[in-house]
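Hello,

Here is the structure we talked about. Please open it first, then read my notes below alongside it.

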Amino acid sequence: MAGQIKRMLDSLIEQRAKKNPTLINTTKSKLLLRGIDPDRFDQTSPDDPAVISKVICIAGELGIHVS
Amino acid sequence: MSIQTAYSKKSLPDAVSDIRTQCGNNKPRVVLCFASTKYDPAALSKQLQAAFPDACVAGCSTAGEIANSKMLSESVVAMFLGEDVVEDAALAVVENLSGDPEVVEAFAHFERHFKTPVMSMDLEKYVGLVLVDGLSGSEERLMEKIGARADVFFVGGSAGDDMKFKKTHVLANGRAYTNAAVLALLRLKKGFEVVKTQSFKVTDKVLVATSVDEPHRTVIQFNHKPAIKAYAEAVGVTVDKAASVFMEHPLGLMISGEPFVRSPQRVQDEAMVFYCQIKEGMELRVLDATDIVADTRKAVEAKKAEWGRIAGLIDFHCILRTLELRSKKHCDQYGAIFNGIPCAGFSTYGEQYLGHMNQTSTMLLFR
């Protein structure tokens, strides 16, 4: 399967930033500083369980549900 | 009173009297102080709070101080923020950092004080300051926790101890703390901007951290090779010479076209220990040093040209930059960048803005 990480990251950024360009930028920056580069994932990226688990963990700390 | 600064090289308690005198009859809303380890932190904090009983007083120990146009040592510097700059302010202390720092209570305190949910605070009016024990090794986790709870920008520095690397302190509410961070949340009247500047050219040489020991800020392998071998190859030196070029060639995590600098500290067997965490899978660029004075001047002048004037500036300035400026005898030139701007700051053991980083001047500019 592929593309789940991108869908999760898109959802995380959308829920946190609410289309505010500044917050989109800072949310992406915070993800990068935690070792997740949102721009490295697309619809064809494999569903790596380790990355999925990391994204779920980050989302949990942000108080956001992604699946 | 807007923004004023002061410094003293006297001993306690005269240094605090000196600072109080330089503030005149003004009653600042916030007093920030950055002090050499020459000063007993508990006594300094208590005396400063007594001298400014109505103010939020916060600070930390340093590895060198900055006041107005001077780079100092063995001094205490202060910045006074008046009611016409800071509409309201609150302080919180986060203790027991080296475990898993918990900021819930700090943010609950801020919400009670400002009667506003932190997540609803206006990003252009509120700004946070963070001063953190520079030997706790917990800055990344602290900033992750802060960043999860708040969209408000928190900016700051890791406390120093004059390069003794034994104990650093943060100061708040008349007390001194170690293994702790002080968070200050300010609601400003006229706005602000955070300027992060580093003096490096980004090269096209890429190192990917393929094996790391995150808690110990150690990279075991870059590009599936022993870290120091891969680094030496990328920089173009032999392994035995690699450590001698760490300051000139740190690594950068690229974010929006700007490097967030990760500075190597030492070689450990074939691994590399850094001054901040590198996560597994991070793609880093090798950086080439440029001119600190010229680059910082350009950043400050650009903002001055845009705003007309800068009402005040706090400079969180990496100790590695200070060491370079000292070795090149460029401290006076660096200080002169801030001519005409009320400026205070200190040489840090790391800077904070969105995360933790090294070898920057991370500046909070008041409009």
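**What I found**

B:Ala172 sits in strand 10 of chain B, which covers residues 170–172. One thing to keep in mind from the start: this is a predicted model.

Is B:Ala172 buried or exposed? B:Ala172 has a relative accessible area of 0%, so it is buried. The cut-off for buried is under 20%. Its contacts beyond the close sequence neighbours (up to four places away) are B:Ser45, B:Val57, B:Ala58, B:Leu91, B:Val93, B:Tyr177 and B:Val182. Now look at B:Gln49. In sequence, B:Ala172 and B:Gln49 are 123 residues apart. In space, their C-alpha atoms are 8.4 Å apart.

**Two buried threonines**

Start with B:Thr5. Find it in strand 1 of chain B, residues 3–8. B:Thr5 is buried because its relative accessible area is 15%, and the cut-off is under 20%. The side chain of B:Thr5 makes a polar contact with the side chain of B:Asn68, at 2.4 Å. Leaving out residues up to four places away in sequence, B:Thr5 touches B:Asn68, B:Ala78, B:Met79, B:Phe80, B:Pro342, B:Cys343 and B:Ala344.

Next is B:Thr197, in strand 13 of chain B, residues 192–197. Its relative accessibility is 6%, so B:Thr197 counts as buried. Residues that B:Thr197 touches include B:Asp295, B:Thr296, B:Ala299 and B:Arg321. B:Thr360, B:Ser361 and B:Met363 are also among them.

**Helix 3 of chain B**

This helix runs over residues 104–114. Which of its residues are buried? They are B:Ala106, B:Phe107, B:Phe110 and B:Phe114. Look down the helix axis: these buried residues fall within an arc of 95°, so they line one face of helix 3. An α-helix has 3.6 residues a turn, so residues three or four places apart point the same way.

Turn to the other side of helix 3. There, B:Glu105 and B:Arg112 are exposed. What covers the buried residues? The cover includes strand 7 (86–94), strand 8 (126–132), helix 4, strand 9 (154–158) and strand 12 (181–188) of chain B. Just after helix 3, B:Lys115 takes a positive phi of about 55°.

**Where chain B meets chain A**

How many residues of chain B are in contact with chain A? The count is 23, and they contact 15 residues of chain A. About 1600 Å² is buried between the two chains, and carbon and sulfur atoms give 57% of that area. On the chain B side, B:Ala148, B:Asp151 and B:Leu354 lose the most area to chain A. Together they make up 29% of what that side buries.

By type, the residues on the chain B side divide into 11 nonpolar, four polar and eight charged.

Best wishes

Notes. Residues numbered from 1 in each chain as written. Chains lettered and ligands numbered in written order. Predicted model: local features only at pLDDT ≥ 70, side-chain atom pairs only at ≥ 80, totals over all residues. Heavy atoms only, no water. Helix = DSSP H or I, 4+ residues; strand = E, 2+ residues; numbered from the N terminus. Buried < 20%, exposed > 50% of the residue type's maximum accessible area, 1.4 Å probe, protein only. Polar contact = N/O pair within 3.5 Å; in protein donor to acceptor, adjacent residues only side chain to side chain. Contact = heavy atoms within 4.5 Å. Buried area = accessible area lost by both parts, 1.4 Å probe. Nonpolar A, V, L, I, M, F, W, Y, C, P; charged D, E, K, R; others polar. Arc of directions from axis to C-beta.
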